[in-house]
Every structure is written in C-alpha cells, then in structure tokens.
2 protein chains.
Amino acid sequence: MFYVIGLGLGGPEDITVRGLEIVKRAERVYLESYTSILTVGKEVLEQFYGRSLIIADRDLIEQGADEILQDANSKDVVLLVVGDPFGATTHTDLLLRAKEANINYKIIHNASIMNAVGCCGLQLYRFGETVSIPFWTESWQPDSFYDKIFGNRSLGLHTLCLLDICVKEPTLESLTKKRKEYQPPRFMSVSEAAEQLLEIIGRKCRDHEKLAYTSTTLCVGLARVGSDTQKILACTLQEMKDADLGPPLHSLIITGCLHPFELDFLAQFCDSKEKLLQIAQTSSFIV
Amino acid sequence: MFYVIGLGLGGPEDITVRGLEIVKRAERVYLESYTSILTVGKEVLEQFYGRSLIIADRDLIEQGADEILQDANSKDVVLLVVGDPFGATTHTDLLLRAKEANINYKIIHNASIMNAVGCCGLQLYRFGETVSIPFWTESWQPDSFYDKIFGNRSLGLHTLCLLDICVKEPTLESLTKKRKEYQPPRFMSVSEAAEQLLEIIGRKCRDHEKLAYTSTTLCVGLARVGSDTQKILACTLQEMKDADLGPPLHSLIITGCLHPFELDFLAQFCDSKEKLLQIAQTSSFIV
C-alpha cells in the first residue's frame, strides 16, 4: 500500500495516531521537503518516530515516481507531506501513477493552512479563491493573482494568500552546468508579500484602473500557524509591510466584508479594538 | 488551560498525538455533538482514550459556557470537535468568553471537510465560497446559497456544499411545552441535496432567469471522507439525485471550470473517463 500522510502544521506531535502507526511499521518513509516546512527538521521527526526518513526533493517527487513506488504493491511505502496531502499543493500525479501500476493508495488527512487560517477568527466559508504570491525577480514580476483578489473582494470575500517558498532552487549561473548549485532556501514573509501587493496597486493607480484593495485595507498576517510560537497580526496592508512576524512559514489574508463576530475575534490580534474598527470601516470597498 | 481539539474526520485514531496526550490528562473532556459526527460514537472514543467524555449538545455549548469553562484557569478542560475547531462551524464565541474570563486557550488543529475534499482531485485553490444547504420544510425553503453558487461559477470556481445536520431538534409540537421532545437525528444525503438544487433551477427556469448550473452540471458527491468506508461519485446533478452513497456524513461539490489534471483524477470516481469528459464538456457554462 502507498500511503500519503499529512503531518499537520506544527511539530512532530501533530501527526495523527493513525498516521504514526503506519509510519512506524512501513518499509520506507519519504519526507516531502520542497512545498512546505514544519517548525522542526528531519532529525526531530526521525527521533519522534524512532526510524529514519528519506528526503524527497522536487526532483525525486517529479521524476522518481518509480523509485518511490517500488514494491509498494507488496510493502507499505509512505510519503509524508506537511499540512494535508491535498492542501496547498497536490500530489495527485503520484497517486495516479500508483493507480496505473495497480498499487492501492490511502490518504491520511491532517490540518492544512487552508482550514487552520480559521484560527484568526475569519469564517472559513467567507473565503474566496486562494491565491499564491510568487517571489518577484528583476525581470519576472507576475501579478495574475491580483485579478483573483479582485474577484473575491467584489463578492465581499476574504482571500488567503499562500506565500512563496524557494527550496533547492538552482542558481541562475549553474542552470546550464552539469553540476547544479543551489540558492539558500527562502520563505516569503508577510512583509515582502505586502510590499509586492502595494507595488501592484501603485501600477494600477498610474493606469487609472479600479483597485481591488488599497494601502489601508485590513489584512491579517499569520506565522507558524498551529505551532507554539504562532503569531497573528491584524493591521493595514501598509503597516504589514513593516511588520516582523519572525521565522517562516507566513501566510497573508486580505479581508473582504467583515462580520461583527469576525471583528470581535480579530481584535485580539490588533493594537486595540478601536483601531481595528476604524480600519474595518472603509476596508471592504473597491475604489 | 481551555483546549479545543479537532478530531479529524474518520475514527478515534484520527486525533493527533498532541491532542490525545491532552485528552488523557485533562480534568474534564466535552464532546461537541451537534454540528458534525464521526463514523463512531462516544463509547468508541471513550474506550480509545481510556476515559469518560461529557456530551456537549447545542444548549450546553450556547448557554453553558460558564459550566464548560469552570476552573479552566487552574485545570485543563477540553472541548472535542469533529473536524477542525474552525472548520464548518466555529466555536469562537466560547473562546472569546474564555478570554474575557482570563482563561488561556489553545487550539489543536486537524483535518476538516474544508480541506479534505481535495481527496476527489479537485484543486483546493479552485474553490470559491463554501455554502450550506439546509433541510427544507413545507413552509420554509430558503435558497440564498444559490446566488453564492452563481458567483462562484461565474468565476469558474467549484462550490463545496455542506449538507444539513439536524441533531436534537425539538419537535414542532413540543416547542411550546416545558418538556421538549426531540426529532430523530437527520443528515442530508447528496441525493436530497441534489433534489433541492434541481427544484431551485426549476423555479428559476419558470422565471426565465440565468441558471448557475443545470441538471447536467458535473457534481461530486462525497461520503464519510477520511474513513475506511469513504465513497466518492462524479456524475451529473440529475444522476446525483438517484445516487446512494450510504450512511452520513455527505458533502456535495458543484464543479466550475475543470483542469485536465482534475479530470484525470476524478475519472476514478466516474463510470468511465469517456463519460466524465462528455459531462465536463458542457458542464462549466452558465446558461
């Protein structure tokens, strides 16, 4: 059997009891390591499980399906994924490969950022389409997510922005070489995301386009959700640019229309309830 | 400390290791019993945890906050919630009460239907606003969720429909009496949901309104997600009306625009890939 097991969001104890039992008895256990991270590394997980893990980087996941699935029709093979197996990113291709090879698979679900963002008090059913914000470079500054935020806010909905992760990205210089060299891992902060979002509306302003949000729109920054060091901040997009929520992972919410219950709960994460109400008053408009 | 711990979606083993440790050592453990259900009952959970649980029905959760939170500043009190604490429904009011009483709280996240629906292969970030479909009565047939489905499908997005649960609802006759009598619990099936959805477009048709979906729109029915008896079916809305996915809980997805990867994966849950492609061809239009 091929198992894909969600690890949840915090530390090693966030695996489910069902998941842990499978990990302990499996033949091989891979740890997917490029779409998300826990607040702890491989060694802490290995100690907790009492067994060794095999790191599965992008190359292995995307090109090494045969290797991962080897013998999985007679033995138990596990792929561990941070969050839920079907969370921010999917591993559906690997599951289809398993099916084609007549290997049964099973999913062990867990919390993902897609549902755990509810911890800030914004109602999950008031979220629209989730967007991903990629790191910009000098020459590559995509902003297709902007239209999706526009669509969500037109309907009064909140937008969860998943922030970019660069792990084991080859350096530009080594792309043409046989031996790849890798950039140090980077994780986008809410501050960096806010900066890019502000840059986009600067351009739209110059083009006299309608704005999906402004510098005073109420945003919620979340860091290390589900861990003991979780941090949540509710403030304007402009203020978010200068916020420091500490180590990764970060996520950012651009709010839509706000319900009084949502504001009551969000107030915990703002300097004061008065300030929050003041921001919220004009926040939901598209101008 | 006041803990709200998500139980996930299947059986007792779907609690996280972190959650189980807290449950075992806590002073009192309440089991929230009216917004969702597992595939097992209280007794099975009690046996697995090796301790007794207190059932928390709607009355207790909504009016008995003081009782639940009693001594929680010096002792550990737990509220167990099916899915994630912030999943389909929130318990934010109870958390705000705790905060007002200077009681610290902590959330232990888990899978909820909001992220576990990804198991059908539809991408989570392609979902719009989630809607709830309530049981209709002779005289009460709300359809405000229809406009939300319309909004989602206009943007090409999928809609997750959470289906109604009636647990411990007083009978109409006993509403005015001192001693309440309760209706047997009811859980809406995908078939019942499809019937109501078809009824709505029947009315819209008569009024010559644009339709958010039609009887041939591709839908995905899901039952007991995360459990060993999980069942998924991809078919038209009309066919869903006659489908039987077995015991609760059920959820229904009305699809939007479909990506080839999504169709590849969905094909597992349809009679044939050819049939799926045929349905999908016209499915995403608003007519």
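A:Lys148 and A:Glu129 form a salt bridge, with their closest N and O atoms 3.8 Å apart; a salt bridge here is a side-chain nitrogen of Lys or Arg within 4 Å of a carboxyl oxygen of Asp or Glu. A:Lys148 lies in helix H7 (residues 145-154) of chain A and A:Glu129 in the loop between H6 and E6 of chain A, so the pair ties together parts that are 19 residues apart in sequence. This is a predicted model, in which local features need pLDDT of at least 70, side-chain atom pairs count only at pLDDT 80 or more, and totals for chains, interfaces and linings use all residues. Residues are numbered from 1 along each chain as its sequence is written, chains are lettered from A and ligands numbered from 1 in the order in which they are written, and side-chain values use heavy atoms, with hydrogens and water left out.

**Salt bridges**

- A:Glu129 is buried at a relative accessible area of 5%, whereas A:Lys148 is partly exposed at 33%; buried means under 20% relative accessible area, exposed over 50%, and partly exposed in between (1.4 Å probe, protein chains only).
- A:Lys275 forms a salt bridge with A:Glu239, with 3.0 Å between the closest N and O atoms. A:Lys275 is in helix H11 (residues 273-283) of chain A and A:Glu239 in helix H9 (residues 237-240) of chain A, so the pair ties together parts 36 residues apart in sequence; helices (H or I, at least four residues) and strands (E, at least two) are DSSP runs, numbered from the N terminus.
- A:Arg126 forms a salt bridge with B:Glu129 at 2.8 Å between the closest N and O atoms. A:Arg126 and B:Glu129 are both buried.
- Over all chains, the rule gives 26 salt bridges.

**Interface of chain A and chain B**

- In contact (heavy atoms within 4.5 Å) are 48 residues of chain A and 47 residues of chain B.
- The two chains bury about 4,000 Å² between them, 58% of it on carbon and sulfur atoms; this is the accessible area (1.4 Å probe) that two parts lose on being put together, summed over both.
- Across this interface the rule finds 10 salt bridges.
- Chain A can be laid on chain B with an RMSD of 0.0 Å by a turn of 180 degrees and a shift of 0.0 Å along the axis, which is the relation of a two-fold axis. The copies are superposed by least squares on the C-alpha atoms of residues with pLDDT of at least 70 in both.
- Of the interface residues of chain A, 98% are also interface residues in chain B, so the copies meet through the same surface.

- A:Asp228 is found in the loop between strand E10 (218-223) and strand E11 (231-236) of chain A, and is exposed, with a relative accessible area of 56%.
- Not counting residues up to four places away in sequence, A:Asp228 touches B:Arg18 and B:Lys106.
- A:Asp14 is found in the loop between strand E1 (2-6) and H1 of chain A, and counts as buried at 6% relative accessibility.
- A network of salt bridges links A:Glu13, A:Asp14, A:Asp228, B:Arg18 and B:Lys106.

**Helix H5 of chain A**

- The buried residues of H5(A) are A:Thr92, A:Leu94, A:Leu95, A:Leu96 and A:Ala98.
- These buried residues pack against E1, helix H3 (58-63), helix H4 (65-69), strand E4 (77-81) and E5 of chain A, together with helix H10 (260-266) of chain B.
- Just after H5(A), A:Asn102 takes a positive phi of about 60 degrees.
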